[in-house]
Amino acid sequence: VNALLAAPVIVPLTAAAVAVMAARRVPLQRALSVAGVTGALVCAVAVLVTVDRDGVIATQVGAWPAPAGITLVADLFAALVLVVGLATVLAVLVFAIGQPGCDDESPAFHPVFLIMTAGVAMAFLTGDLFNLFVAFEVTLTASYVLITHGGSANQVRTGMTYVVINLLASLLFVSAVAFLYAATGTVNLADLASRLDAVDPNLRTALALLFLVVFGIKAAIFPLFFWLPDSYPTAPSPVTAVFAGLLTKVGVYAIIRTDTLLFPGDLPERLLLLVAALTMVVGVLGAIAQDDMKRILSFHIVSQIGYMILGLGLFTVAGLAGAVLFIVHQVPVKASLFLVGGIVEHAAGSTALSRVGGLVRRIPYAAALFLLVAGSLAGIPPLSGFVGKLALVEAGFDARSFAVVGVSLAVSLLTLFSMVKIWNGVFWGVPEEPTPQLATSVGRLRTPPLMNIAAGALVALTLAIAVWAGPLYELCTEAAATLVDPAPYVRAVLP
Amino acid sequence: VSLLLAVLVAALFAVGVYLLLDRVLVRIVLGLTLIAYGANLLLVLAGGGPGTAPFVFADRGTDDFADPLPQALALTAIVISFGLTVFLLALAYRSWVLTGADEVENDLEDRRIARLRRETDADTDELTDELDALEAHLPALREPEP
């Protein structure tokens with residue numbers, strides 16, 4: 001039994017349990033929270049190193065042999081996403097500790113945050129479809145609490161939409177699992193991969209579509225994204241950052257996992273490419289129409305999901321490698337953009353483009369961070385977004401899917417346009433109706449050092465991804481090879 | 001597999017979706033509850049026909065067992081949907097306390113963006129009035145709570 005695989009789930013859960021008992025003792029809760037996430041991150045790195053050395057590893061929870069028991073399994077794809085996800089969670093956690101009034105007003109923040117971390121780790125590591133449902137529910141239930149945490153009218157209104165749409169998706173998930181079980185008699189992913197061969201291809205296509213809808217709602221792909229830009233911006237900045245960085249990517253992870261392992265080639269041809277193109281275009285057009293920094297960034301979450309689906313839609317090793325690399329780059333980039341938004345909101349009192357302006361002189365550090373990550377989001381060389389997009393574009397040309405590649409390049413330009421819009425509105429110019437903070441002060445605005453350090457560390461991570469893009473891309477290619485040919489995955493689970 | 005149960009699942013989903021499309025929060029919660037019942041029944045149905053309880057005795061075989069796995073899954077799903085229904089009801093109550101209305105509210109920011117689009121056109125008055133009425137009706141949405 002390989003206990004290492006369970007550690008990224010168990011460590012944060014244990015820390016959460018202890019943090020509940022430490023309610024109202026803020027320093028102790030903070031220490032527990034940081035220790036829990038750091039512990040999970042260390043274990044995740046150990047998992048990545050092991051998988052890179054030995055190939056896919058699996059463990060049976062409670063020593064019940066697969067397919068009867070619950071399986072935890074890590075291939076390179078899962079390990080990579082897990083490591084970068086937990087690193088992002090750690091940076092956001094430090095930011096939340098640094099932001100006054102974020103984690104110290106309610107005893108629930110740290111336990112719930114830790115439970116969400118455990119849920120995300122379980123979603124990446126599980127090798128069992130029903131356990132994936134449970135992981136989603138653990139993550140989402142924690143996120144429901146975080147998004148409505150303040151209890152203000154706006155948060156309750158958007159939280160309601162968020163909870164209802166996710167609950168509906170979860171119920172569809174249960175129904176899809178029921179149909180799949182009726183057809184095959186198992187919920188173990190590796191077992192399903194072999195048993196689905198005997199199922200009628202039309203039924204396989206129906207099941208694949210049903211799962212695409214279920215995970216598509218969670219991942220916010222076109223046309224199932226409408227809930228996201230409304231609900232994300234109202235939460236506190238660190239919460240939005242971790243949602244933006246991780247939660248939609250858990251959905252994308254599930255889409256890639258099911259469509260490569262269970263239903264390879266079962267979806268209608270070119271459906272995913274069409275969905276990818278529409279997701280990119282509609283997301284970016286929505287972003288251009290907005291005039292609030294957090295809302296612009298929320299629409300860009302949707303737009304960037306399209307690139308990941310594009311890599312999956314190509315269904316070549318190069319395409320999937322591009323998708324994996326793009327996820328790895330997108331998680332810290334998206335989170336750090338929202339952290340910069342959090343700094344702006346804390347210093348200037350608002351993120352509406354009409355109410356703030358000229359911040360390049362007032363908070364130059366945040367402006368510099370924004371330039372680095374906004375350039376990365378738009379794909380300007382040599383930043384990490386360029387590397388991810390280059391991999392996808394090359395894969396698209398190799399697969400002769402010129403139309404969707406053209407769309408992705410045009411969307412990059414529009415992304416750059418809306419980043420310039422944020423820059424002009426927030427960091428240059430003069431506010432039309434300045435917030436009280438800006439109107440009554442001159443010179444530098446003070447921001448808590450811990451917020452700056454956390455955001456800076458996350459931006460440094462995105463720069464590191466760009467610097468080590470070569471070795472990272474080789475890892476992603478190996479991960480993609482296991483996705484296209486899942487025989488090692490199945491062998492590790494069912495020896 | 002029982003046809004009656006299959007029809008019941010379909011009916012639960014249909015009624016649930018119909019209720020879900022309403023603007024009244026309590027109906028939405030009820031709709032989700034019905035869909036959850038449907039999904040749980042579907043899980044049990046997925047296990048195949050009825051059978052004896054899956055206890056292993058020395059003098060009896062295991063051939064006529066009911067499939068216990070979908071039942072375990074359904075049990076998990078029931079617990080989760082029960083907890084979330086309670087959470088939804090608490091949210092609906094909080095919404096009622098804050099706004100005095102048991103309804104799904106409009107996205108003001110979205111309406112404002114739509115108004116920006118239309119302002120160049122001549123026929124903006126209708127939408128503007130609608131928005132103003134909306135904002136007057138919901139003062140709590142303008143500013144976060146102290």
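The expected span of a helix is 1.5 Å times one less than its number of residues. I kept that in mind for my first look-up, and I reminded myself that this is a predicted model.

**Helix H17, chain A.** H17 runs over residues 402-427, so its 26 residues should span 38 Å at 1.5 Å a residue. The C-alpha atoms at its ends sit 37 Å apart, which agrees. Just after H17(A), I found A:Gly429 with a positive phi of about 75 degrees.

**Second largest pocket.** I looked up its volume and got about 660 Å³. Its lining has 25 residues, and the ones closest to the centre are A:Thr161, A:Phe226, A:Trp227, A:Asp230 and B:Val104. Which helices supply at least two lining residues each? From chain A I noted H6 (153-184), H9 (228-231) and H12 (293-314), and from chain B H1 (3-20) and H2 (25-46). H6(A) gives the largest share, with 6 residues. Sorting the lining by type, I got 15 nonpolar, 8 charged and 2 polar residues.

**A:Leu210.** This one sits in helix H8 of chain A, residues 201-219. Buried, exposed or partly exposed? Buried means under 20% relative accessible area and exposed means over 50%, so at 24% A:Leu210 counts as partly exposed. Ignoring neighbours within four places in sequence, I found A:Leu210 in contact with A:Ala176 and A:Phe179. I also looked up how A:Leu210 sits relative to A:Glu432: they are 222 residues apart along the chain, and their C-alpha atoms are separated by 48 Å.

Definitions and conventions. Residues are numbered from 1 along each chain as its sequence is written. Chains are lettered from A and ligands numbered from 1 in the order in which they are written. This is a predicted model: local features need pLDDT of at least 70, side-chain atom pairs count only at pLDDT 80 or more; totals for chains, interfaces and linings use all residues. Side-chain values use heavy atoms; hydrogens and water are left out. Helices (H or I, at least four residues) and strands (E, at least two) are DSSP runs, numbered from the N terminus. On a 1 Å grid over the protein atoms alone, a cavity is a set of points where a 1.4 Å probe fits but cannot get out, and a pocket is an open set with protein on both sides within 12 Å along at least five of seven lines; lining residues have an atom within 4 Å of a point. Grid points are joined across faces, edges and corners, and a volume is the space filled by probe spheres set on the points. Ala, Val, Leu, Ile, Met, Phe, Trp, Tyr, Cys and Pro count as nonpolar, Asp, Glu, Lys and Arg as charged, and the others, Gly among them, as polar. Buried means under 20% relative accessible area, exposed over 50%, partly exposed in between (1.4 Å probe, protein chains only). Contact means heavy atoms within 4.5 Å.
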